[in-house]
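I opened the notebook to record what I looked up, entry by entry.

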Amino acid sequence: MNRHLVSAASLTRDDALLILDTAEELARVADRPIKKLPTLRGRTVVNLFFEDSTRTRTSFEVAAKRLSADVINFSAKGSSVAKGESLRDTALTLEAMGADAVVIRHVASGAAHRLAGWVSGSVINAGDGTHEHPTQALLDAFTIRRRLRPCEAGAGPFPAGRGALDGVRVAIVGDVLHSRVARSNVALLNVLGAEVTLVAPPTLLPLAVGSWPCEAAYDLDAVLPKSDVVMMLRVQRERMSAAYFPSVREYSRRYGLDATRMALLPDHAIVMHPGPMNRGVEIAAEVADSARSTIVEQVANGVSVRMAVLYLLLGGAEFPEESGAGFPEESGAEFPEEGR
Amino acid sequence: MRAGNAEDRAAGAGGPPPAGPGRAGHARQKRVLEPAEIGRALSRIAHEILERTDGAADVVLLGIPTRGVPLARRLAGRAAHYEGHAVPCGSLDVTMHRDDLRLRPARALGRTELPPEGIDGKTVVLVDDVLYSGRTVRAALDALHDLGRPCAVQLAVLVDRGHRELPIRADYVGKNLPTSQREVVRVLLSEVDGEDAVLIADAVLPGDRRAGAHPAARRPGGAEGGRP
């Protein structure tokens, strides 16, 4: 793994599986009476949030605290950013205070990438503009794997086990154009072997979608029966500068997931949403609260996945030339040159 | 001066399965235990556990991944066979509690799986393949502390190779193996490696990846940053 997690597209299949397997073990910590591990004691994680967020920021905070790291929350409101401080100066200030990792959310696409060039600690992208949101994609993949390939043999429609998502059909529906979640998910799910179909009105599909490793479709009703997973995206009206569809009601009629549409899905299929939801726009309340919905589960899984990312980025030594994955086996004589 | 971060296990959690005994890096290696001897040692340990714990009435066997887990299962199977009742057994991953985490890249985690009855008030017998510096066992005691409150903790190992760096000793030992710190002890188990054997090799030869650790990791006393 790299030192930073800026983009889901930079993860190899082995990296992704290492994160998911690690998250699987760390998820068990949540069931224990003492939900804490000493691993990151004495390390500092800064949550640098230039955009509003509840679940992502809290999730990173809980994850870091479960690993015993110290957490500093920084939001642009009420900070020197309001006085005109630049991202770089803010980052260097935090670095001077000894941040081992910076979790950044920013309105500008590429902010995390720039930050990674400025600070010596690890940078974790928690959403940059309409670019990427890699930990969301990881927790979505983790949720899909847990639901469709349960570790305990039996129930699921796919073979049990920890493997990847080969052959799982995922429909990502809605405002793909403005969605960093969709971009990260397309990249990660593709690396894990899933077949992704984007479903959206033509105005809400990016022009370059033809070059992405996925299919695109306009008709939700035709895609649903062939989907194991349907992921609904929020209509991001705060990022919309033009009229992308005639009315919310029309969007909802054609691309919203209601109970009638949900009935088109295969029996084992699950419904996901990265949150926050607009109930009644892209997803009906009865669907969001149904047994197929994994929305609350996704939040819980988010903590496990972020613990795994923090552990894998911060838990070991910094050996830039070596890969964290496929760690060679330990031996009885550790450093034999030292045997004097 | 020896680095204070010595592993006390012949094989670690999460790594890829090792190459067979014919691997080039271990040209001068000796088999010190054959499958039958391993079997007899485990039978004896199982008897000793039963003897010292009144028939293993309140015993939980916890194997430390990777190779402690199949060993714990074998001991549980033998104890159940001798005594006629099942002996609960599970696994305890200690990776997150190690004191040498910061010396190498983050490693994959093993599984912690406690038997459903838990460990509160039980006699926990930790099971590992090789006892060396004692640091793994220290990490295991810490990990246990977060999981419950056993009434006693004991330690069973297949091989004790000496060179302790902490005040820790095993209650049940399969074989005491006098070694030099230059030597490598490897335990192979059929569940993991396809065969049962204990090997001792002269030293890791240059070119073995395990010798290629980062220079920073070789600093003497480099481990003290782990857990003050």
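**Entry 1: the sheet of chain B.** I am working on a predicted model. I began with the open sheet of chain B, where five strands run in the order S3-S2-S4-S5-S6 with parallel pairing. Which strands stand at the edges? I found strand S3 (89-91) and strand S6 (172-176) of chain B there. Each has a single partner strand, so one side of each is left without a neighbour in the sheet. I then looked up the twist, which averages 25° from one strand to the next.

Strand S2 (residues 59-63) and strand S4 (residues 123-131) of chain B pair in the parallel sense, over five bridges.

**Entry 2: chain B overall.** I counted four helices and eight strands in chain B. From the N terminus on, I read the order as β-α-β-α-β-β-α-β-β-β-α-β. Of the 228 residues in chain B, 50% are buried. I took the contacts in chain B between residues at least 6 apart in sequence; 74% of them join residues at least 24 apart.

**Entry 3: the sheet of chain A.** Next I turned to an open sheet of four strands in chain A, ordered S2-S1-S3-S4 and paired in parallel. Strand S2 (70-75) and strand S4 (122-128) of chain A stand at the edges, each with a single partner strand, so one side of each lacks a neighbour in the sheet. Neighbouring strands of this sheet are turned by 15° against each other on average, direction ignored. Strand S1 (residues 44-49) of chain A pairs with S2(A) in the parallel sense over six bridges. There I noted Leu48(A), with Phe74(A) as its bridge partner in S2(A).

**Entry 4: helix H11 of chain A.** Helix H11 (residues 295-314) of chain A lies across S1, strand S3 (101-106) and S4 of chain A, at about 150° to S4(A). Which helices did I check against H11(A)? I took helix H5 (residues 134-148) of chain A, whose axis comes within 8 Å of that of H11(A) and crosses it at roughly 115°. The crossing of H5(A) and H11(A) is right-handed. Among the residues making the contact are Leu138(A) and Phe142(A) of H5(A) and Val305(A) and Val309(A) of H11(A). By class, I get five nonpolar, five polar and three charged residues.

I then took helix H2 (residues 55-66) of chain A, which packs on H11(A) at an angle of about 55°, with the axes 8 Å apart. That angle makes H2(A) oblique to H11(A). Their crossing is right-handed. The contact includes Phe60(A) and Val62(A) of H2(A) and Met307(A) and Leu310(A) of H11(A). Its classes are eight nonpolar, two polar and three charged residues.

**Entry 5: one residue.** Is Val186(A) buried or exposed? Val186(A) sits in helix H6 (residues 180-191) of chain A. I found 24 other C-beta atoms within 10 Å, so Val186(A) is buried. Leaving out residues up to four places away in sequence, Val186(A) touches Val196(A), Trp212(A), Pro213(A) and Cys214(A). Val170(A) is 16 residues away along the chain, and its C-alpha atom is 9.4 Å from that of Val186(A).

Terms used
Residues are numbered from 1 along each chain as its sequence is written. Chains are lettered from A and ligands numbered from 1 in the order in which they are written. This is a predicted model: local features need pLDDT of at least 70, side-chain atom pairs count only at pLDDT 80 or more; totals for chains, interfaces and linings use all residues. Two strands pair if DSSP finds at least two bridges between them. Helices (H or I, at least four residues) and strands (E, at least two) are DSSP runs, numbered from the N terminus. Axes are lines fitted to C-alpha atoms, for helices over the stretch in contact, and angles run from 0 to 180 degrees between N-to-C directions. Two residues are in contact if their C-beta atoms, placed from the backbone, lie within 7 Å. A crossing is left-handed if the near helix is turned anticlockwise from the far one by less than a right angle, and right-handed if clockwise. Ala, Val, Leu, Ile, Met, Phe, Trp, Tyr, Cys and Pro count as nonpolar, Asp, Glu, Lys and Arg as charged, and the others, Gly among them, as polar. Angles under 35 degrees count as roughly parallel, over 145 as roughly antiparallel, 65 to 115 as roughly perpendicular and the rest as oblique. A residue is buried if 20 or more other C-beta atoms lie within 10 Å of its own, exposed if 12 or fewer, and partly exposed in between; C-beta atoms are placed from the backbone.
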